[in-house]
Amino acid sequence: MIRSTCVPPPEQHRRLALDSRSATLALLSFAMLIVSLDQYIVVVALPEIGRDLGYSARTLQAVVSAYAVASGGFLLFGGRAADVLGRRRMLGAGLALYAVASLAGGLATGPEVQLTARALQGLGGALVFPSTLAVINTIFPEGPERNRALGIWGGAGAAGLVIGVLSGGLLTRAFGWEAVFLVNVPLAGLALALLVVLVAPDPVRDRTRSFDLPGALSATAAVTVLVFALVEGADLGWASPWIVGLLAAAVGLTALHVIVERRSNDPLVPPRLVRNRSLLVATTVAALFTATFGSALYFLSIYLQDVRGYDALETGLGFVAPTVVVVAGSAFTGRVVTALGLGRTLIGALAVGAVGALALAVAMTPESSYAALLPGLVLLSVGDGMVFTAMFIAGGTGVAEREQGVASGIVSTGSSIGAVIGLAVLVLVATAGTDGLAGEALRVATSDGIRAAVLTIAGGIVAALVVVALGLRRAAISR
């Protein structure tokens, strides 16, 4: 009787393994939420930070850009480090750096210390992001299991964006700007403690693999300089000698990286990854995704506040409905990919997103109600959530386990560069007709400019759809 009621050992082992992977996925999703949350949590607190620490109007934006430059520049470095030095180690190092940098940022008494802390937060994020993705892609086999896991991971990332906006406003109002930094300390500390318990230690390092330090440094320098130039170009002017020099330096460093890689026995980006069409499509889509879907959040915020007169908290609440849709879309995408295939899912999601952006642009008149925006917002958010998850599924397709970290870094770097380029171009579109205006004329011109930017976003999404359709002709993701 006892034998008949006991769970057979093989089945028990399978369930234990499943429970262990589920717990690990929960931790990795939590880590992703922390990194995602911090992209927007400081935005609402910027005016108060500027007053307390003595930032000028010109330098205050650096609180945001310091994070973006460091994160974008070091993503490829972080992915390679995860592959060679260990994914658990790099995830732990990133979380620890994140906690220490957040503490320093919250205790800062001047801009210099705080900007350094923000850059270190960006570096921590560049270690955490590709590490979480690489761990998922190695513990879950390619196919339905990985698709489902990446859906949950992507949903956590989407949730982090709106939690950042809402919590930034609430924390600043209740405790002051310091709280938007200090809140990361216990969150990262908890994730670090769970990492030790839930994630198995890294295997013994493969000594036959080199870190390719020259390749990592040249790639990091090239991307960092490029991102910095793109971030500062809108303020200094694209014809500024400073910006032109930085762009030229980025080109030179990229050429140096190519030369270094050709001479390396174990290059940072192996040639087989460059030939992986799924990875190339994913990286291109990631750049276009953040340039379009990612920028829509910024313009919606400006529209609600500068055109419709919402305050910071009301604006944050305005993001709740679309974010719920994004999270649901991300989580649901894994099942859709399994049922329909990755290519069809990407094309369908991009088509829905393009229609949503077009509908949103039409609705963004100076007098529109929030209800009038909802149909476009919902469709755009469905596309947003589904494309985010699907493009990272594509990025890991056909990639060997030992190269999942650098593949994640490649897609993430494309995403980071696309975000900076997209926002810079779209801001120029949105502000083209606002110079010298004030009052009601400025409000109407701002609305018209934002509509033009969102229409441009719709065009960019269509461009991403074309990239996917053409890339699928010979890519494995067409199945």
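Which residues is Val387 in contact with, leaving aside its neighbours within four places in sequence?

**Entry 1: Val387 and the cores**

I noted before starting that this is a predicted model. I looked up Val387 and, leaving aside neighbours within four places in sequence, found it in contact with Val285, Phe289, Phe293, Leu346, Ala349 and Leu350. I then turned to the nonpolar cores. The largest has 93 residues, and Val387 is listed with Trp153 and Leu373 as having the most contacts inside it. Helix H13, residues 277-307, supplies the largest share of this core, namely 13 residues. I also recorded a second, separate core of 18 residues, which includes Leu53, Tyr55, Val63 and Ala159. As background, I wrote down that nonpolar side chains in soluble globular proteins tend to be buried together.

**Entry 2: Aromatic pairs**

How many aromatic pairs does the count come to? I recorded 10 aromatic pairs.

I next examined the rings of Phe388 and Phe392. Their centres are 5.2 Å apart with planes at 65°, so this pair is also edge-to-face. Phe388 and Phe392 are four residues apart in helix H17, which means that about one helical turn separates them. Both of these residues are buried. Finally, I noted that ring pairs link Phe129, Trp153, Phe289, Phe293, Phe388 and Phe392 into a cluster.

**Entry 3: Ala222**

I located Ala222 in helix H10, residues 213-236. Why does Ala222 count as buried? Its relative accessibility is 7%, and buried means under 20%, so Ala222 counts as buried. Not counting residues up to four places away in sequence, Ala222 touches Ala250, Leu253 and Thr254. I also looked up the separation of Ala222 and Ala250: they are 28 residues apart along the chain, and their C-alpha atoms are separated by 4.8 Å.

**Entry 4: Ile410**

Ile410 is in helix H18, which covers residues 404-430. Its relative accessibility is 17%, and because buried means under 20%, Ile410 counts as buried. With neighbours within four places in sequence left aside, Ile410 is in contact with Leu76, Val269, Leu273, Leu279 and Thr283. I also looked up Ile410 and Glu440, which are 30 residues apart along the chain; the distance between their C-alpha atoms is 45 Å.

**Entry 5: A patch on the surface**

Which residues form a nonpolar patch on the surface? I found Leu103, Leu107 and Leu182 there, with about 260 Å² of accessible area together. I followed up Leu182, which is placed in helix H8, residues 178-182. At 31% relative accessibility, Leu182 falls between the limits of 20% and 50%, so I recorded it as partly exposed.

Note on methods: Residues are numbered from 1 along each chain as its sequence is written. This is a predicted model: local features need pLDDT of at least 70, side-chain atom pairs count only at pLDDT 80 or more; totals for chains, interfaces and linings use all residues. Side-chain values use heavy atoms; hydrogens and water are left out. Helices (H or I, at least four residues) and strands (E, at least two) are DSSP runs, numbered from the N terminus. Buried means under 20% relative accessible area, exposed over 50%, partly exposed in between (1.4 Å probe, protein chains only). Contact means heavy atoms within 4.5 Å. A nonpolar core is a set of buried Ala, Val, Leu, Ile, Met, Phe, Trp, Tyr and Cys residues joined through side-chain atoms within 4.5 Å. Patches are made of residues with over 30% relative accessible area and no salt bridge: like charges are joined within 9 Å, nonpolar side chains (Val, Leu, Ile, Met, Phe, Trp, Tyr) within 5 Å. Accessible areas come from the Shrake-Rupley method with a 1.4 Å probe; for residues, only the protein chains shown count as cover. A salt bridge is a side-chain nitrogen of Lys or Arg within 4 Å of a carboxyl oxygen of Asp or Glu. Rings of Phe, Tyr and Trp (its six-membered ring) pair if their centres lie within 6.5 Å; planes under 30 degrees apart count as stacked, over 60 as edge-to-face and the rest as tilted.
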